Amino acid sequence: MKTKLFFLFSLLSFCLSSQTTYDLDWSFNSANQEITIEVGDIVRWTWSGAGTHNLLKLSGPEAGFGNDSQRYSSGHVYSHTFTSQGVNTYHCSPHPDSMYGTV
């Protein structure tokens, strides 16, 4: 019984610790954001600075990522848990030359 409990606790601890959350700023200073993550990790963008922005996926295999064209002001938070392996590119459609990146 002790062995089973230890195994269950170890498995649970591993599963909980294997997911990482990455925080990124999303503003006019967000040109060429590049981040490498593992499947299951979360990336969280926080809007800062002036103006309104969105985050739209340009390419990549990740379903449901960056598909909201609505623009938000400073303080808005968008997060996504990545479930597919591959390269995903994104940008802010009103500011594509100063706000773009790759996950």
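## Basis and overall composition

A residue is termed buried at under 20% relative accessible area, exposed at over 50%, and partly exposed in between, with a 1.4 Å probe and protein chains only. By this criterion, buried residues account for 29% of the 103 residues in the chain. The model is predicted, so that local features require a pLDDT of at least 70 and side-chain atom pairs count only at pLDDT 80 or more, while totals for chains, interfaces and linings use all residues. Residues are numbered from 1 along each chain as its sequence is written, and side-chain values use heavy atoms, with hydrogens and water left out.

The chain contains 1 helix and 8 strands; helices (H or I, at least four residues) and strands (E, at least two) are DSSP runs numbered from the N terminus. Starting at the N terminus, the order of elements is α-β-β-β-β-β-β-β-β. The accessible surface, computed by the Shrake-Rupley method with a 1.4 Å probe, amounts to about 6,500 Å², and carbon and sulfur atoms supply 57% of it. A contact is defined as heavy atoms within 4.5 Å. Of the contacts between residues at least 6 apart in sequence, 52% join residues at least 24 apart.

Two strands are considered paired if DSSP finds at least two bridges between them.

Strands β1 and β3 run parallel and are joined by 6 bridges. Within this pairing, W26 has W47 in β3 as its bridge partner. The pairing of β3 with β6 is antiparallel and extends over 5 bridges, and T46 stands opposite V77 in β6. In a regular strand, side chains alternate between the two faces of the sheet. Strand β6 has a covered face formed by Y78 and H80, and an uncovered face formed by V77, S79 and T81.

## The five-stranded sheet

A further open sheet has 5 strands in the order β2-β8-β7-β4-β5, and its pairing is mixed. The edge strands here are β2 and β5, each pairing on one side only.

Strand β4 (residues 53-59) pairs with strand β5 (residues 67-72) in the antiparallel sense over 3 bridges. In this pair, H53 stands opposite Y72 in β5, and L56 has N67 in β5 as its bridge partner. Strand β4 also pairs with strand β7 (residues 89-91), again in the antiparallel sense over 3 bridges. There, L56 stands opposite H91 in β7.

## The nonpolar core

A nonpolar core is a set of buried Ala, Val, Leu, Ile, Met, Phe, Trp, Tyr and Cys residues joined through side-chain atoms within 4.5 Å. The largest such core has 15 residues, and those with the most contacts inside it are W26, W45, L55, Y90 and V103. Strands β1 and β3 are the elements that give two or more residues to this core. The largest share, 3 residues, comes from β3.

Leaving aside neighbours within four places in sequence, V103 is in contact with I35, I37, V43, W45, F82, G86, V87, N88 and Y90.

A salt bridge is counted where a side-chain nitrogen of Lys or Arg lies within 4 Å of a carboxyl oxygen of Asp or Glu. The count comes to 1 salt bridge. This bridge is formed by R44 and D23, whose closest N and O atoms are 2.5 Å apart. The pair links distant parts of the chain, with R44 in strand β3 (residues 42-47) and D23 in strand β1 (residues 21-26), 21 residues apart. R44 is partly exposed, with a relative accessible area of 32%, whereas D23 is exposed, at 51%.

N32 has a positive phi of about 60° although it is not a glycine. This residue, N32, lies in the loop between β1 and β2 (33-34). N32 is partly exposed, with a relative accessible area of 41%.
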